[in-house]
Amino acid sequence: MITRSPIDVQTTPLQDPVSPGTRKPAWQRQLAGAIRDPRVLCERLRLSDAWLPGAETGHALFEIRVPEAYLARIRPGDPHDPLLRQVLPLNAEMHQSPGYTLDPLNEATHTPRRGLIHKYHGRVLLIASPTCAVNCRYCFRRHFPYAENAPSRAQWQDTLDYLRKDTSIREAILSGGDPLAANDRQLAWLVEQLGAISHFKRLRIHTRLPVVIPDRVDPKLLGWLGRTRLQKVVVLHINHPNEVDNAVIKACTRLKEAGATLLNQSVLLHGINDSAPVLIALSERLFEAGILPYYLHVLDPVQGAAHFDVSDEEARGLMEALRERLPGFLMPRLVREVPGKSAKTPL
Ligand code: SF4
């Protein structure tokens with residue numbers, strides 16, 4: 001069995017180590033100390049031994065990674081906790097389900113340069129880091145070939161040349177893995193390069209780090225983010241209201257003070273947020289944190305995640321229930337990403 005995960009690749013040119021003798025920032029120490037052992041996860045959360053074999057089996061396919069700040073929001077002794085279900089591997093990940101593939105969005109056909117995905121008009125996606133602070137079991141990139149997409153500094157220059165030449169591009173999207181898992185010196189360099197491209201208008205950052213390790217939003221990050229001339233959009237990834245604690249709200253406040261617009265995208269997940277009360281509470285909680293609901297994605301059919309699927313009919317029913325209870329600005333758009341389409345498909 002081959003172990004595949006975003007953390008197979010430990011460093012990239014955007015993740016060089018800090019100088020010897022320099023104390024790592026708090027967030028990096030928390031990242032390094034994240035739980036990566038199924039037995040430790042089960043013991044810390046007082047789960048019965050019955051959960052361990054599944055956790056070990058799934059872990060062999062896609063490694064567990066759970067930082068302490070996220071673990072603290074999980075109810076010990078409750079195997080059905082909605083945050084735990086996002087990070088606990090199950091035997092079900094072994095099932096081969098028809099239609100579920102290694103590359104559900106067919107991203108391999110849209111990579112003109114290493115680390116660059118150019119799928120939509122006017123926007124490009126840059127894989128700024130191959131690692132994440134948390135490994136989500138339903139992740140559509142759980143099989144992504146990060147090792148083949150980790151550019152060297154020279155390859156980054158090649159990518160930047162590509163971006164300079166294509167004047168139709170208005171927006172750079174930093175993605176990963178989680179782009180904020182890269183260090184600030186390197187992110188500052190990349191963002192400065194992007195800001196120097198005159199036809200670029202916006203910088204978008206897709207990240208879960210401010211949610212799972214709120215200390216990631218520290219003065220260094222706020223420094224490079226605040227300095228860029230580009231308009232800034234941070235798209236967070238939050239699936240359940242319990243993920244938004246006071247530390248997350250404070251991190252979001254700091255991002256907004258640096259000039260970022262905050263949006264959220266969720267994935268509709270069986271057993272986690274496939275209920276109208278939970279989705280309503282999520283929208284309300286996001287707004288309390290200064291975040292607008294943006295997308296509610298149906299599951300991308302990635303191999304190993306079929307047990308999270310919610311049918312289209314059920315998804316539409318949930319949206320109807322939300323529409324009866326929420327103002328329009330708190331309604332996420334229910335969408336599916338269809339390979340080959342030039343935009344997300346509304347359901
Ligand atoms: S943080 Fe995002 S990219 Fe990383 S494992 Fe979770 S869903 Fe996937």
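A residue counts as near a molecule if its C-beta atom, placed from the backbone, lies within 6 Å of it. With that in hand, here are some close-ups of this predicted model.

**View 1. The shell around the ligand.** Welcome to the ligand's surroundings: Cys132, Val134, Asn135, Cys136, Cys139, Arg141, Gly176, Gly177, Asp178, Arg208 and His237 are the residues around it. Three of the cysteines, Cys132, Cys136 and Cys139, carry the "binding site" annotation in the unreviewed UniProt entry.

**View 2. Cys136 and Cys139 in their loop.** Take a look at the loop that links strand E2 (123–127) to helix H6 (153–165), where Cys136 sits. Cys139 belongs to the loop between E2 and H6 as well. Cys136 has 21 C-beta neighbours inside 10 Å, so it counts as buried. Cys139 is also buried, because 23 other C-beta atoms lie within 10 Å. Beyond the neighbours within four places in sequence, Cys136 touches Gln86 and Val87.

**View 3. Strand E3 between its partners.** Here you can follow strand E3 (residues 171–175), which runs parallel to E2 and is joined to it by five bridges. Strand E4 (residues 202–207) is likewise parallel to E3, with four bridges between them. Glu171 is a handy landmark: in E3 it stands opposite Arg123, and its bridge partner in E4 is Arg202.

**View 4. The crossover from E3 to E4.** Trace the chain from E3 through helix H7 (residues 184–195) to E4, and you have a right-handed β-α-β unit.

Technical notes. Residues numbered from 1 in each chain as written. Predicted model: local features only at pLDDT ≥ 70, side-chain atom pairs only at ≥ 80, totals over all residues. UniProt positions renumbered as here; feature names shortened; annotations may be inferred. Helix = DSSP H or I, 4+ residues; strand = E, 2+ residues; numbered from the N terminus. Buried ≥ 20, exposed ≤ 12 C-beta atoms within 10 Å, placed from the backbone. Contact = placed C-beta atoms within 7 Å. Pairing = 2+ DSSP bridges. Right-handed = clockwise from strand over helix to strand, strands pointing away.
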